[in-house]
Amino acid sequence: MNYHAEMSHEDIARAKLEVLRREHRDLDDAIAALAAQPGAPTLTLQRLKRQKLALKDRIARLEDELLPDIIA
């Protein structure tokens with residue numbers, strides 16, 4: 001049985017949002033651990049930070065999709 005067929009678009013988006021948030025936290029932890037090491041490779045830190053920023057953008061887009069704009 002296809003589980004995705006039973007989930008609404010909103011349910012799938014919320015699940016993706018949770019996964020992205022978890023990945024963002026994991027990247028944050030990895031960046032902190034790497035930065036704490038003496039002589040940490042700068043290029044690697046920059047790449048991880050760029051990935052974290054890209055995840056943040058994807059999270060923001062999904063949140064905007066799930067939370068409609070309310071015009072007062």
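Helices, at least four residues long, and strands, at least two, are taken here as DSSP runs numbered from the N terminus. On that basis the secondary structure of the protein chain comes to three helices and zero strands, and the elements follow one another from the N terminus as α-α-α. The model is a predicted one, and every value below is computed from it.

**Overall picture**

The protein chain has 72 residues, of which buried residues make up 19%. Among the contacts in the chain with a separation of 6 or more, 68% are accounted for by residues 24 or more positions apart.

**How α2 and α3 pack**

The axes of α2 and α3 come within 9 Å of each other and cross at roughly 155°. Because an angle over 145 degrees counts as roughly antiparallel, α2 and α3 are described as roughly antiparallel to each other. The crossing in which α2 passes α3 is left-handed. In the contact of α2 with α3, the residues divide into 13 nonpolar, four polar and twelve charged, so that charged residues count here as Asp, Glu, Lys and Arg.

**The nonpolar core**

The largest nonpolar core holds 13 residues, and those that touch the most other members are L17, L20, L34, L45, L48 and L62. Two or more residues of this core are given by each of α2, which spans 9-36, and α3, which spans 42-66.

Two of these leucines can be followed in detail, starting with L62, which lies in helix α3. With a relative accessible area of 12%, L62 is buried, because the limit for that class is under 20%. Once its neighbours within four places in sequence are left aside, L62 is in contact with A13, K16, L17 and L20. L17 and L20 from this list are also among the core residues that touch the most other members. L62 and L17 are 45 residues apart along the chain, yet their C-alpha atoms are separated by 6.6 Å.

The C-alpha atoms of E23 and L55 are separated by 7.8 Å, while the two residues are 32 apart along the chain.

D11 also has its place in helix α2, and at 40% relative accessibility D11 counts as partly exposed. D11 and L66 are 55 residues apart in sequence and 9.7 Å apart in space, taken from C-alpha to C-alpha.

**Pairs apart in sequence**

The C-alpha separations given above are gathered in the table.

| Pair | Separation along the chain | C-alpha to C-alpha |
|---|---|---|
| L62 and L17 | 45 residues | 6.6 Å |
| E23 and L55 | 32 residues | 7.8 Å |
| D11 and L66 | 55 residues | 9.7 Å |

Terms used:
Residues are numbered from 1 along each chain as its sequence is written. This is a predicted model: local features need pLDDT of at least 70, side-chain atom pairs count only at pLDDT 80 or more; totals for chains, interfaces and linings use all residues. Side-chain values use heavy atoms; hydrogens and water are left out. A nonpolar core is a set of buried Ala, Val, Leu, Ile, Met, Phe, Trp, Tyr and Cys residues joined through side-chain atoms within 4.5 Å. Buried means under 20% relative accessible area, exposed over 50%, partly exposed in between (1.4 Å probe, protein chains only). Axes are lines fitted to C-alpha atoms, for helices over the stretch in contact, and angles run from 0 to 180 degrees between N-to-C directions. Angles under 35 degrees count as roughly parallel, over 145 as roughly antiparallel, 65 to 115 as roughly perpendicular and the rest as oblique. A crossing is left-handed if the near helix is turned anticlockwise from the far one by less than a right angle, and right-handed if clockwise. Contact means heavy atoms within 4.5 Å.
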